[in-house]
Structure formats: C-alpha cells, structure tokens
Amino acid sequence: MNEKKGKRREWVKTAAIVFLSVLLVLTFFSNTIMNYSLPEVAVQYITSGTITAKVRGTGTVESGDLYEVKATESRKVQSVAVRVGDHVEIGDVICYLADEESEELKAAREALEPLYDSLEAAQQAYNAAVLTGDLSVAAMQGAGSAESAASYKNRLIAAQSVVESLEQQLKDTEPAYNEAKEAKEAADLALADVQNELNNLNTWIQYNQETVTSGNAGLAELNKQKNIVQQLYYDAQNTANRAAAELSKIETERGKIEAQLAVARADVTALAGEINTALRLSQLNDAVKDARAAIAKQEEKIAELEAKAVGATINAEIAGTIVSINVVAGGQTTSGGESTVAVIQPEGKGFTLSFSVTTEQAKRISVGDPAELVNSWWYSNVTATVASVKPDPSDPSRSKLVTCNLDGDLTAGQTLSLQIGQRSQNYDMIVPNSAIREDNNGKFILVVEPKSSPLGTRYYAVRYDIEVLASDDTQSAISGGLYGYESVITTSTKPVEAGQLVRLPD
C-alpha cells in the first residue's frame, strides 16, 4: 500500500516537472512563435530622385469617319454576303434582297394618279387664260420663254423712254410758255390803258364839238393828242397781237407734245397690262411643265423600283473594311435612310482613341505629343499623336479627356493602351510602384513603424494617404504627410491591413 502511494507521488511530481518545463519553454519562445505567425514584409526607404513620367490610358479605337450603308426600301433580306472584318470594294454586294414588290413601289404607283390630276387642272387653267386674255400673238407664242421675257422688257423700256423724253420736252417749253403768257398779259394791259385814254379823249372832243364854237384852240389841241394816242393804240394793239400769236404758237407746240405724251403713256399702260397677262400665262404654262416633269420623275422612280423588285442587292458605295453588320437573313430593312445595313471603315481614313486623365496629369500633355502603345510589339506599324485635351464630360472639374489620332493596321472596336511621355523631373519622395495601394478612399502606402513592448520591439503597418505626382515603369513620385525617410512595404507573404503587426526579414 505504501509502495502504491509512493509511485503516485512520483508520477505527480514528474507531471508537474514536465508541465512547468513546457510552460517555461512556451514563455521563452512565445515572442519567436508569434513573429513567425505574422506576415513577413519587404520594405524600401522613400528616396528622392528623377522620374520621366508617362501618362497612361486605355480606350477603344474609333473610326475617324465611319460610313453607313443605308437601305432605300423596306425589303426582306434574303442573305448577307459579308462578315465583320471583310474588305470590300465599291460595288461589292453586302446583302441580297428577296424578290418582291416593296411598299415604296406600291406607294409610288398610288402617288402617280394625283399627279395626272394636277396636270389636267394646270392645262385647263392655261387654256382658259389663253381664251380670255387680251394678248398679242407673240405674247401667246412666247409665254414662258426667256426670249419673250427679254423682248417685253426691251419694249417696255423703250416705251418708258419715249414718255420720259416727251415729259422732258414739255418741261423744256415751260420757261418760254410762261414768258409768253406774261408778255401777252402785259400787252393786253398796255392796250387797255391806251384804249381807256383814247376813249377819254374822244369823249372830250365830242363834248367840245357840241358846246364850243368853231375856232376853239382847245378842240384843236385835243385832236392833236388824239392822233398821238391813236398811234400809241395801234402800236399797243400790234404788240398785243404779236404776244398773242407767240403764246398761241407755244401752246400749239405744247399741245402736240401733250397729245404725243398721252399716246405714249397709254402705250406704256397697255404694254404693262399685256406683260402682266403674259406673265400670268407664263406662270400657268410653267405649272403645266412642272406637272409634266413631276409625272416623268415619278414614272422614272416607279421604273427603278420595278427593276429592283427582282435580283436586288445592297452594295458597298465605298472601299473599306466592314466594321459592323446590322441585318440578318430573313430580317427586314426600312426606307428613308433610317435603316443602316452595314458600317464601313473607309480606306485611308484614320482612327481615334480617347481616355480620361486627372487634371494634374493633363498639365503634362500637349497637343502634338507622340504617344506609345503599351505592348507595342503587337502593333509594330501603329503610330499615335495627341490631337486634343479637353474637359471630360463625366467629371469636367477634375478630369480631362485626351484624344489621340491613330494610324496603322487597326480596326474600330479594338481596345488599346497608350502612354504619353514627358521630360525628366526631380521629386523629393519616390517609392516603388509595388508600394502604392488603392481602395475606395483613394491611393495610400503602408509604412512600417516600430513600437517597444515588454517582449521586445514590435512592427506595425501604418497607412498614409498619398497623391501620385508622376510615374514611370518601376516607381512613382508621391506627396502626402510623410517626412521622406520612412520604410514602405513593397511586398508581403500575406495580405497586410493598416494597423496590423508585421515582421521584417531575418
């Protein structure tokens, strides 16, 4: 019994020693064990230096001048003769149409009948105008002709010139006419004055003859004065007669001119009326011609549509590469230029590619700068040049849209990445591109910062938000709340989060 108790005590003692030994080992190596469970990170110091920045962007190749092949009729597609990427020449068949009358042909035939009605109405109006119009034969025969219009114009100008000439002649006689009227009035007044004086003398002479005896000296004097006044009367009468004759002569001349002027004005009025009637007849004649032309055009359209009803195709109108096809066998086209059958990239036309950059990056790009293709060995014959740098419609305050002109063996719809170089520039803080991380809050780096603890020095990953100023293929210049000598994490054996413990390589 005592022997069993002794063995139990020995076993408990041994277990206690083992437990304490293990606990001591675990305590001693706990720091080392924990370190090996942490992600191991590679770090690199922030440095200063030079970067030749390249702005990079990815976009879709677009044609500079795509050509759309349109359908002109609503027709069923029998089959498609080309595929996307095929090269076509002018006249090559893009698709075959089913043999059938199109809706456009039916509509064209229906539209022809009203045109015949219009022609009949125009012809009747013309015939009525000919029957009722007061026109010369020349006007009727020449209605609507340029030669007739010119002849009418010349005749009217000549008639108006005659009127203007006669009006000027009449105006030219006005000074002499007014002078003759004034002269006649003056002569008539002078004759009237002498007539009055002569009448007075005759009255005195008669009075003296009746009341005074013979030998009277006063009577003799009166007869002497009468003879003088009588001669003045004859002279005044001759002057008045000459003035009247001169005035009559001028009035006769003016009368002839006025008569000619009245005839000339009547000729102008009659000719103007004839011209107006002729113009009306010309308009009606033009209406007849237009109606006939409309019928001819519609009949031509019908003939073209009838010819296309059998064996019709839609052909390429330019040479180039098929970019897209918008019809399938059994499908339907629409008319009026609304249905695009296919899109062709014309031969010799360039391409464009656009991508968005930050406003800061855009400051380092100028129109005319050459651009390089990333993975350019796939596109050895492609060249690119910056064509424009404009505000990005999606974010005009913070982004710019860079558009490059491309040339070479390309196809619209390809996705390419471009990089635009810039001259070298010095920066205070440069880190490897592998150190830069990004999440929803923006770009950042993780810096290893040491902290002392009872078990030794611990290393933590601390986040610093940054802005990338420039980049090349391996490193980037940054700015942020840093001193410039920190150790940044470039790679790690496990994912690392901000605030997490990490370990450095041994």
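How many nonpolar, polar and charged residues does the lining of the second largest pocket have? The tour ends there.

This is a predicted model, in which local features need pLDDT of at least 70 and side-chain atom pairs count only at pLDDT 80 or more, while totals for chains, interfaces and linings use all residues. Residues are numbered from 1 along each chain as its sequence is written, and side-chain values use heavy atoms, without hydrogens and water.

Select Phe-355, Val-402, Cys-404, Leu-406, Leu-418 and Ile-420. These have the most contacts inside the largest nonpolar core, which has 23 residues. Such a core is a set of buried (under 20% relative accessible area, 1.4 Å probe, protein chains only) Ala, Val, Leu, Ile, Met, Phe, Trp, Tyr and Cys residues joined through side-chain atoms within 4.5 Å.

Now centre on Ile-420. Beyond its neighbours within four places in sequence, Ile-420 is in contact (heavy atoms within 4.5 Å) with residues including Ala-53, Val-55, Phe-355 and Val-402.

Move to Lys-70, Thr-72, Lys-308, Thr-313 and Ile-314, the closest to the centre of the second largest pocket among its 13 lining residues. A pocket is an open set of points on a 1 Å grid over the protein atoms alone, where a 1.4 Å probe fits, with protein on both sides within 12 Å along at least five of seven lines; lining residues have an atom within 4 Å of a point. Strand β9 (residues 313-315) supplies the largest share of this lining, 3 residues. The lining has 4 nonpolar, 4 polar and 5 charged residues, with Asp, Glu, Lys and Arg counted as charged, Ala, Val, Leu, Ile, Met, Phe, Trp, Tyr, Cys and Pro as nonpolar, and the others as polar.

Note on methods:
Buried means under 20% relative accessible area, exposed over 50%, partly exposed in between (1.4 Å probe, protein chains only). Helices (H or I, at least four residues) and strands (E, at least two) are DSSP runs, numbered from the N terminus.
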